[in-house]
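Subject: Structure for your review

Dear colleague,

Please find the structure below, followed by a summary of what was found in it.

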Amino acid sequence: MGRRYREQNSRGGIITDPAAYLQNRFPGRRFELLADQSIFLEQTGDWLQRDYETRSGKSLPNCTLSAICNAMLFFARDGYEQIPGDPPALYQVVRKKARKYRMLGRYGTVAFFNRMLANAVWKAFGYPQTRAQSRYFRGFSYWEALMKQRRPFVISMFSGKYARHTVCACGLLVFADGVRQYRFLALRDNWSRQLRFLSDLEPCLSCTTQLMRQ
């Protein structure tokens with residue numbers, strides 16, 4: 001196991017392998033993946049920030065726009081035919097709405113506007129009755145309940161390894177060791193095409209935006 005792999009899958013590092021992360025946290029324990037409780041939304045987009053837009057060859061602070069696009073691609077592939085399935089075309093609409101409502105700043109967008117932006121995008125594609133909803137400082141119980149609806153959602157982080165960054169949640173893995181269950185939220189984090197994960201062992205402060213509320 002290389003140094004970078006160990007650093008990624010240890011406390012405080014980006015998690016790419018939940019099983020390795022648990023072994024690092026609890027050496028000697030045996031963990032079982034509970035497949036019947038795990039979810040993965042394959043239709044969610046995996047484009048990176050730099051795929052959507054660059055300036056002078058560099059990525060822009062467009063993580064929220066990218067996360068919303070990756071989530072919206074799920075809906076485009078799930079029967080919402082008026083949403084473009086072409087990522088660049090989708091991104092241009094999301095970016096246009098963010099500019100129209102002056103949500104774009106030097107350091108990106110503010111989480112407070114996530115719901116407003118998502119609603120503007122739904123309306124632009126001809127779904128004005130579809131409404132987004134944001135909740136602050138919710139944790140894994142809330143995320144697990146949302147994921148069981150089998151739809152992606154967007155999380156803007158205020159603390160933790162993804163502080164000041166927005167990601168798209170696209171799945172849930174559940175492990176058990178006879179002591180307790182361990183939940184991991186699967187992410188498209190806009191930095192890597194490899195899935196990344198959040199652990200319920202590491203709480204963080206955040207704004208969660210479900211693009212389609214019940």
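Helix H4 (residues 63-76) packs against helix H6 (residues 114-124) at an angle of about 45°, the axes being 11 Å apart. On the H4 side, Thr64, Leu65, Ile68, Met72 and Phe75 meet Asn114, Leu117, Ala118, Val121 and Trp122 of H6, contact meaning heavy atoms within 4.5 Å. By class, this contact of H4 with H6 has eight nonpolar, two polar and no charged residues.

This is a predicted model, in which local features need pLDDT of at least 70 and side-chain atom pairs count only at pLDDT 80 or more, while totals for chains, interfaces and linings use all residues. Residues are numbered from 1 along each chain as its sequence is written, and side-chain values use heavy atoms, with hydrogens and water left out.

H4 also packs with helix H5 (residues 87-100), at an angle of about 130° and with the axes 10 Å apart. That makes H4 oblique to H5. The crossing of H4 and H5 is right-handed. Leu65, Ile68, Cys69, Met72 and Leu73 in H4 meet H5 residues Pro87, Leu90, Tyr91, Val94, Arg95 and Ala98; by class, the contact has ten nonpolar, no polar and one charged residues.

Definitions and conventions
Axes are lines fitted to C-alpha atoms, for helices over the stretch in contact, and angles run from 0 to 180 degrees between N-to-C directions. Helices (H or I, at least four residues) and strands (E, at least two) are DSSP runs, numbered from the N terminus. Ala, Val, Leu, Ile, Met, Phe, Trp, Tyr, Cys and Pro count as nonpolar, Asp, Glu, Lys and Arg as charged, and the others, Gly among them, as polar. Angles under 35 degrees count as roughly parallel, over 145 as roughly antiparallel, 65 to 115 as roughly perpendicular and the rest as oblique. A crossing is left-handed if the near helix is turned anticlockwise from the far one by less than a right angle, and right-handed if clockwise.
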